[in-house]
Amino acid sequence: MSQAKAAGLGAQLRALRKSRKTSMKTIASKLGWSESKVSRMETGLRTVESEEVAAYLALLGVTGAERERLMAMARTPTEPAWLETITGLPESSITLATWESQARSLTDWSPLLIPGLLQTMEYGRAYMLADRIPEAEVGVRLMARQHRQQVLDRIDYTAIVDETVLHRRVGSDRVRRNQLRHLLDVAHERTGVSIRVISVRAEAHAGLVSPWLLLEFEEKPPMVHIELSRSAVFFAEPAQTDTYVATRAQLLALAMDEGDSLRVIEHALRE
C-alpha cells in the first residue's frame, strides 16, 4: 500500500472514530494494540492490513456500504491507474490525484493563476519554469496534470477565479490568449464545468488569504487541499474544512454568474 493510500484510508478511519466519540486509547485497549499503532494507522505512517481495518471497523460498529467501501480500499489500490506509469511525482501530487479520482465535486478557488485542472500545457510549463521547477521535472508534472484533467469528464467542477488572473501574463501574451480560449472551450464543451469570475471591484472577502481546492465525496466529509511552494497541506477534520465551505458560499455570492463570467473572459481575450 502506498503512503498516499495509507494516508487517505487513515484519515477516514480517524474521522469515523471521532464521529463516534471514541478515543485512540479505547481502540488500542479493546483491540490489544498500542496507542502508537493506532496513531500511526490514522496518520498513514504505517501500512494498514485489511484484517486490522476489519477489526477497527467492527469495534466502531461500521457496517453495510461504508464498511465495504473501506475494506475495498484496504484490499486494492485506489490510486488512478495512470499513476503506475509515471515516476518522479511529489507525494503530495499523488495524494491529490488519488482524492480527485474519488471525489464527486471540486471547487477550485484561484486568486493568482488559472487553476491547474484548466491550464493548457504551455501555460503550465511557463509557470513551472518561472517557479524554478527543474526542467527535467516539468515534463513529468505536465503529463500527470494532463491525466488529472480527465477527471473533468465525470465530476462537477467549479472554478472561481479572480479577474486579475485573466490579465496576468504567464509565458507570453500568446500563451495567455491561448489559455483564455481554452477556458471558453472547456466551459462550452463540458457540462459539469462552471467558471465563475470575481470582479476586481468586488468587496474584500475571506478568500484573499490563499488559493485552495475543496473536494467533496459521496460518503465522507469534505477535504481541502492547499498547495504550497514545494509541498501541500490537506485538511480533513470538519473543524478545519467548515471555514472553507463557508468561504465557498461567500465567493459564489460575490462572483459573476456563468454567462457574465464568460463574457469577461472573452473581453480579456480581445485586449
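1. Classes used below: Ala, Val, Leu, Ile, Met, Phe, Trp, Tyr, Cys and Pro count as nonpolar, Asp, Glu, Lys and Arg as charged, and the others, Gly among them, as polar. With that rule, the residues lining the largest pocket divide into 22 nonpolar, nine polar and seven charged.

2. Basis of the note. This is a predicted model, in which local features need pLDDT of at least 70 and side-chain atom pairs count only at pLDDT 80 or more, while totals for chains, interfaces and linings use all residues. Residues are numbered from 1 along each chain as its sequence is written, and side-chain values use heavy atoms, with hydrogens and water left out.

3. The sheet. Helices (H or I, at least four residues) and strands (E, at least two) are DSSP runs, numbered from the N terminus; two strands pair if DSSP finds at least two bridges between them. Six strands form an open sheet of mixed pairing, in the order S3-S2-S1-S4-S5-S6. At its edges lie strand S3 (193-198) and strand S6 (232-235), each of which pairs on one side only. Neighbouring strands of this sheet are turned by 15 degrees against each other on average, direction ignored; axes are lines fitted to C-alpha atoms, for helices over the stretch in contact, and angles run from 0 to 180 degrees between N-to-C directions.

4. Parallel pairing at S3. Strand S2 (residues 156-162) and S3 run parallel and are joined by six bridges. Within this pair, Ile160 has Arg196 of S3 as its bridge partner.

5. Strand S4 and its neighbours. S1 and S4 are antiparallel, with five bridges between them; Thr107 has Leu214 of S4 as its bridge partner. On to S5, the pairing of S4 is again in the antiparallel sense, over three bridges, and Leu215 stands opposite Met223 in S5. S4 and S5 form a hairpin with six residues between them.

6. Burial of S4. Five of the five residues of S4 are buried, where buried means under 20% relative accessible area, exposed over 50%, and partly exposed in between (1.4 Å probe, protein chains only). Which residues cover the two faces of S4? Trp212, Leu214 and Glu216 lie on one side, Leu213 and Leu215 on the other, and all are buried.

7. Helix H10. Helix H10 (residues 238-254) lies across strand S1 (105-110), S2, S3, strand S4 (212-216), strand S5 (223-227) and S6. The helix runs at about 105 degrees to S4.

8. Four of the five residues of S5 are buried. S5 and S6 run antiparallel with four bridges, Val224 having Phe235 of S6 as its bridge partner, and the two strands form a hairpin with four residues between them. His225 is found in S5 and is buried, with a relative accessible area of 7%. Leaving aside neighbours within four places in sequence, His225 is in contact (heavy atoms within 4.5 Å) with Leu96, Trp212, Leu213, Leu215, Ala232, Val233 and Phe234.

9. Rolling a probe the size of a water molecule over the atoms shows where empty space is left. On a 1 Å grid over the protein atoms alone, a cavity is a set of points where a 1.4 Å probe fits but cannot get out, and a pocket is an open set with protein on both sides within 12 Å along at least five of seven lines; lining residues have an atom within 4 Å of a point. Grid points are joined across faces, edges and corners, and a volume is the space filled by probe spheres set on the points. The largest pocket holds about 970 Å³ of space. Its lining has 38 residues, of which Tyr127, Arg145, His225, Glu227 and Leu228 lie nearest the centre. Helix H6 (91-102), S1, helix H7 (121-130), helix H8 (135-148), S4 and S5 each supply at least two residues of this lining.

10. The cavity. How many cavities of 30 Å³ or more are counted? The count is one, and the largest cavity has about 40 Å³ of space. Ala11, Gln12, Ala15, Lys220, Pro221 and Ala236 line the largest cavity; by class they are four nonpolar, one polar and one charged.

11. Positive phi values. Lys21, in the loop between helix H1 (3-19) and helix H2 (24-31), has a positive phi near 55 degrees although other than glycine. Lys21 is exposed, with a relative accessible area of 78%. Arg132, in the loop between H7 and H8, is not a glycine either and has a positive phi of about 65 degrees. Arg132 is exposed at a relative accessible area of 68%.
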